[in-house]
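Hi,

Here is the model I promised to pass on.

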Protein chains: 2
Amino acid sequence: MSKELSERKKKILHALVDLYISTGQPVSSADIQSKYLPEVSSATIRAELSALEALGYIEQPHTSAGRVPLKDAYKFYVDSIDGSNASNMLTDQETEFIRGSFFSRLGQIEDLSKEAAKIISDVTNYTSFVVDKSGDGNVTIDEIKLIPLKRGKAVVLIVTDKGMIADKAIDVKEDVKPEYIETAGKVLNKVFAGKTIDEIKEFDQKEIEQEIQGFKDIFDEVLGMLRMYISEHSSDNVFVEGALKMLDYPEYQNIDDAKQFLSVISDKDAVSEIILGDDDSIEFTVRIGKEDSGVDKCAIITAAYKVGDEVQGKAGVIGPERMDYKKVISVLDYIKKMFSSVLGSKLLNPFDDEE
Amino acid sequence: MSKELSERKKKILHALVDLYISTGQPVSSADIQSKYLPEVSSATIRAELSALEALGYIEQPHTSAGRVPLKDAYKFYVDSIDGSNASNMLTDQETEFIRGSFFSRLGQIEDLSKEAAKIISDVTNYTSFVVDKSGDGNVTIDEIKLIPLKRGKAVVLIVTDKGMIADKAIDVKEDVKPEYIETAGKVLNKVFAGKTIDEIKEFDQKEIEQEIQGFKDIFDEVLGMLRMYISEHSSDNVFVEGALKMLDYPEYQNIDDAKQFLSVISDKDAVSEIILGDDDSIEFTVRIGKEDSGVDKCAIITAAYKVGDEVQGKAGVIGPERMDYKKVISVLDYIKKMFSSVLGSKLLNPFDDEE
DNA sequence: TTTAGCACTCTATTGCTTTGACTGCTAACA
DNA sequence: TGTTAGCAGTCAAAGCAATAGAGTGCTAAA
């Protein structure tokens, strides 16, 4: 397998995957000959196909059928796509559509990811997902405020460096003086401000109690709330769009396969595990087949979007093994660029989310 | 059809639906005879079935097949279930499970609905949904606060009578004095406090501008934010659980039907339209068939849960026409009771959502 | 009114045959 | 030595006929 393929074998293998991607049917020697290699006869191609089969690139579903690409064939095919000509794959309408949708709804970062997932799925017609790591544990708490309300309630405000704010009403005994609340707020701020959420997670109950003697009741509420905030936000945000589109492809006409696929894809944890598994340093990953991707009869293409060197999240597409790799990579590439640029400017001014 | 059925016809019709629900196969006269009416012969039952067919209750898929219930048969069957013996349908384990799950996670109201949907789906093994109307337009704004933060930002707090709080950071020019913000907050409060969201929706831009001359910049931000809040919260919250379970039933082995079902059920607006269509005064509704339910080959059972006379939301189950009506009704009934009681106490103390 | 018995109908299953899409092989050719 | 044409062989899929089985409706008798 380490042996280099002859130029003609490459041509034939590429043609075969191309044809298989567009038709989904086993590809015959005649197909390849008529559409890709009219200069040689089908018999010659047959001989080459035989060789490629021996090399493990392709196989026959049965003796009298054409050939179907195997994992290695897809890998070969994907490797042959280089980013430069991939970006030409999108039509003007498509880039226009992507740009338009992307910038039309520049809301909070969560909306952005969701929107991106939607766009990807719309343009590619495959199931897409976006995992947003920005809610990760290393968010720093900027400021905590305790605001008294009517009726013996108060609100805790948490401002983080990522521009996120959490709030929840807590009880304060009616007879507590406003000054008490104010002081409590100041103490809270002193304890938490500047810390990351990861650090707070490890806070030892005892250690804290010393620091804020006498505010125990309020403090307990706030700590509980913080824990809740942590548990909600420390798991990555996962957006899946177009899950049903998979059912349009012949690979998933079987109801059991469809069910298995849908149940994986609708489990956010499973999705995030699948996606975040791979190496962050690689910008694009393509995984084909069950062992690689975790889902049967599927291929997954992911792109990491970064700001500077830090991976902010990943976007990807999950589709049939014979999916339109060129197009998907083009779309992801385009999205990635826009994402990085928008995120980049956003992080500098985390609260500027509307113009 | 207005004519009363003979006692034996009723017995036979009931038996037929029972059998069909448990097997999903056309029911033959012999089936009914052996399991429900051994005292008469199958020939007699055949004669009765003939009559019931003429009355439009049942039909034969083809001449040499058994009978299958039609809409009217299901309706008859459902009518024969009375609440009192329905509640006996649940086993001790089941009630224990429901109660346990329900009270274990008494978080915010949203969580409660979601949890309820999950429980219903788990116990019945059908797809369930809960529509929560508590986010409706007639939420009153209790208090609005404007809190200055560092770095030229401020936060708007909206406290409603339903205990909900929305927040978002807005920009304030760095050079604005804290007193200015404070005054702005007071003005905002004066304008909005006590109003319902519905009323605010109709606010005329001009009318307001008069009132708060000079705070235009801040006010615009707040108004935009309020609009966003309204658009997010005025649509009802819909939770769907166990959508994939439908694929386990033979009715939905066909991939196209499955797709159609899933696409309806994953469109929250469509779901909420289906559910909220019917009369609020009726506690239970059962709708069978496409014309009734909006989804093909399905039956929908909904229960309205109320606090006092006000409908707070609806919970329901969507399943095959031949679903286990008794069990579903029992479960919904049980949930309804717990829901009403929990909600009742919650509304009195809207902020008490943790003990 | 009920029942037993029987003829009839229609689906589902099975096995068989035909068709057609490909291939692999071989022998001739450049 | 590589390429090609031609042909025999293979196999899935489609079509078809025969059979089995499930269940009914009808009729005549109890």
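At what angle do helix α1 and helix α4 of chain B pack? Bear in mind that this is a predicted model, where local features need pLDDT of at least 70, side-chain atom pairs count only at pLDDT 80 or more, and totals for chains, interfaces and linings use all residues. Residues are numbered from 1 along each chain as written, chains are lettered from A and ligands numbered from 1 in written order, and side-chain values use heavy atoms, without hydrogens and water.

Back to the helices (DSSP runs of H or I, at least four residues, numbered from the N terminus). The angle between α1 (7–23) and α4 (71–79) of chain B is about 100°, and their axes are 10 Å apart. That makes α1(B) roughly perpendicular to α4(B) (65 to 115 degrees; axes are fitted to C-alpha atoms over the stretch in contact, and angles run from 0 to 180 degrees between N-to-C directions). In the contact (heavy atoms within 4.5 Å), α1(B) brings residues including Leu13(B) and Val17(B), while α4(B) brings Ala73(B), Tyr74(B), Phe76(B) and Tyr77(B).

Now DNA strand D. Among the 20 residues around it (a heavy atom within 4 Å), Thr44(A), Thr63(A), Ser64(A), Ser29(B) and Arg67(B) come nearest. Two polar contacts (N or O pairs within 3.5 Å) go to phosphate oxygens: Thr44(A) at 2.4 Å and Arg67(B) at 2.8 Å. Ser64(A) has its side chain 3.0 Å from a base oxygen. Helix α3(A) gives the largest share of this surface, three residues.

Cheers

Methods. A polar contact is a pair of N or O atoms within 3.5 Å; within protein, one must be able to donate a hydrogen and the other to accept it, and residues adjacent in sequence count only if both atoms are side-chain atoms. Helices (H or I, at least four residues) and strands (E, at least two) are DSSP runs, numbered from the N terminus. Angles under 35 degrees count as roughly parallel, over 145 as roughly antiparallel, 65 to 115 as roughly perpendicular and the rest as oblique.
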